[in-house]
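Please look over the sequence and the model shown here before reading on. The report that comes after them is meant to be read with the structure in view.

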Amino acid sequence: AAKAAGRNTFRFYDEAMNRHAIQRLALESDLRRALGRNQLELFYQPQIRTIDNGLAGVEALMRWRHPERGLISPVEFIPVAEELGIISELGRWALQKASRQIVAWRQQGLPVPRVAVNLSPRQFDAPNLADRIEEIITAAGADKSWLELEITESTAMQQPERFIQILRQLRQRGLQVAMDDFGTGHSSLAMLCAMPLSVLKLDRSFVEQLPDSETDVAVAGAVVSLARQLRPAVVAEGVETLAQQRCLASLGCDMLQGYLYSRPLPAAEFETWVRNRLAERSST
Ligand code: C2E
Ligand code: MG
Ligand code: MG
Ligand code: MG
């Protein structure tokens with residue numbers, strides 16, 4: 001009986017693995033077609049200046065609207081796109097879409113100062129990355145100062161010399177670069193000093209426990225004072241509560257991003273959010 005049960009268990013695992021593999025294959029083939037089928041979207045999340053509560057900019061975050069599965073998170077499909085070798089196409093699309101969007105907003109008179117677009121580590125391997133990025137933005141009719149590129153600290157530290165080289169090329173072309181998820185990678189101070197960054201984005205994991213965790217208050221404060229010396233502005237990610245907002249503002253953090261202000265929204269809803277906020281601010 002034990003032997004039979006063992007065999008059954010084995011077969012169960014076998015089938016489960018099979019099902020998983022089939023689902024994964026389906027996801028892969030769907031993802032290859034997603035771009036051509038117009039299933040990718042950018043959602044937008046505001047970044048708020050602490051000094052005057054004004055809109056400093058917006059981060060573009062990719063979503064996949066799957067016909068059967070609904071909205072799929074980038075956490076699920078970006079790694080698959082990287083493995084499939086199609087992340088550069090997706091990245092190019094996102095930059096083009098975001099550039100066109102900010103041009104449209106400005107034409108409508110919507111005061112969105114800049115839009116940040118995430119870059120994947122795999123996009124770094126492309127030759128002439130800075131030229132290609134510049135071309136896409138210019139072709140969309142956008143000013144380069146309206147765009148910001150976000151690169152995670154761990155990506156930057158995978159090939160720090162290459163990162164610094166690309167960073168210099170981007171800066172020479174008038175582009176701004178933010179280091180995303182700061183605090184989760186392994187930057188050395190020497191590397192950080194050599195990096196002409198515009199923004200450091202303090203990772204959400206350091207914001208979560210504010211203001212109760214003395215350690216995290218110290219870390220957030222240290223990042224702000226480090227940035228003061230090295231010049232980039234600090235954006236805190238994942239701000240959800242008023243207590244976190246107050247704590248980060250008192251530490252001198254320049255900008256805040258998180259559900260407290262808004263979740264990432266589709267373009268049209270983001271526009272409404274901006275207009276409502278403007279109306280509220282002018283009526284008080
Ligand atoms: P990220 O660039 O660090 O983006 C911030 C993530 O935190 C977003 O998740 C955002 O929705 C979420 N978030 C914002 N505020 C809060 C908050 O108050 N609380 C909590 N719990 N979460 C908050 P999302 O949109 O699921 O994106 C996840 C990651 O996927 C991004 O992390 C980024 O690494 C990647 N990603 C998104 N869009 C793109 C893209 O166009 N290209 C590439 N290469 N990666 C992307
Ligand atoms: Mg980001
Ligand atoms: Mg981040
Ligand atoms: Mg993140």
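This is a predicted model: local features need pLDDT of at least 70, side-chain atom pairs count only at pLDDT 80 or more; totals for chains, interfaces and linings use all residues.

Residues are numbered from 1 along each chain as its sequence is written, chains are lettered from A and ligands numbered from 1 in the order in which they are written, and side-chain values use heavy atoms, with hydrogens and water left out.

Donors here are N, O and S atoms within 2.8 Å of the metal (3.2 Å for Na, K and Ca), and since water is not among the atoms, sites may look incomplete. Helices (H or I, at least four residues) and strands (E, at least two) are DSSP runs, numbered from the N terminus.

The magnesium ion (ligand 3) is coordinated by Asp180 (OD), Asp181 (OD), Glu237 (OE) and Glu237 (OE), at 2.0 to 2.5 Å, and its donors show the spacing D-D-x55-E along the chain. Which residue bridges the magnesium ion (ligand 2) and the magnesium ion (ligand 3)? Aspartate 180 does, and the two ions lie 4.1 Å apart.

| Residue | Relative accessible area | Class |
|---|---|---|
| Glutamate 59 | 3% | buried |
| Asparagine 118 | 28% | partly exposed |
| Glutamate 150 | 1% | buried |
| Aspartate 180 | 5% | buried |
| Aspartate 181 | 25% | partly exposed |

Glutamate 59 is found in strand S2 (residues 55-66), and its side chain is joined to that of asparagine 118 by a polar contact of 2.8 Å. A polar contact is a pair of N or O atoms within 3.5 Å; within protein, one must be able to donate a hydrogen and the other to accept it, and residues adjacent in sequence count only if both atoms are side-chain atoms. Leaving aside neighbours within four places in sequence, glutamate 59 is in contact (heavy atoms within 4.5 Å) with residues including Asn118, Glu150, Asp180 and Lys201.

**Around ligand 1**

There are 23 residues around ligand 1, and of these Arg63, Asn118, Asp180, Glu240 and Tyr259 come nearest; a residue is counted if one of its heavy atoms lies within 4 Å of the molecule. A polar side-chain atom of arginine 63 is 2.8 Å from an oxygen atom of ligand 1, and an N or O atom in the side chain of glutamate 237 is 3.1 Å from an oxygen atom of ligand 1. For glutamate 240, a polar side-chain atom lies 2.5 Å from a nitrogen atom of ligand 1.

In helix H4 (residues 129-139), the buried residues are Leu129, Ala130, Ile133, Ile136 and Ile137. Seen down the axis of H4, these residues fall within an arc of 130°, so they line one face of the helix; the arc is that of the directions from the helix axis to the C-beta atoms. They pack against helix H3 (87-107), strand S5 (147-152) and helix H6 (160-172), whereas the face turned away from the buried side carries the exposed residues Glu135 and Ala139.

H4 is followed by glycine 141, whose phi is positive, near 85°. Glycine 141 sits in the loop between H4 and S5 and is partly exposed, with a relative accessible area of 48%. Not counting residues up to four places away in sequence, glycine 141 touches Val103 and Trp146.

**The nonpolar cores**

In soluble globular proteins, nonpolar side chains tend to be buried together. A nonpolar core is a set of buried Ala, Val, Leu, Ile, Met, Phe, Trp, Tyr and Cys residues joined through side-chain atoms within 4.5 Å. The largest such core has 81 residues, of which Leu147, Met179, Leu248 and Phe270 touch the most other members, and H3 gives the most to this core, with nine residues. A second, separate core of six residues includes Ala56, Ala178, Ala233 and Val235.

Note on methods: Buried means under 20% relative accessible area, exposed over 50%, partly exposed in between (1.4 Å probe, protein chains only).
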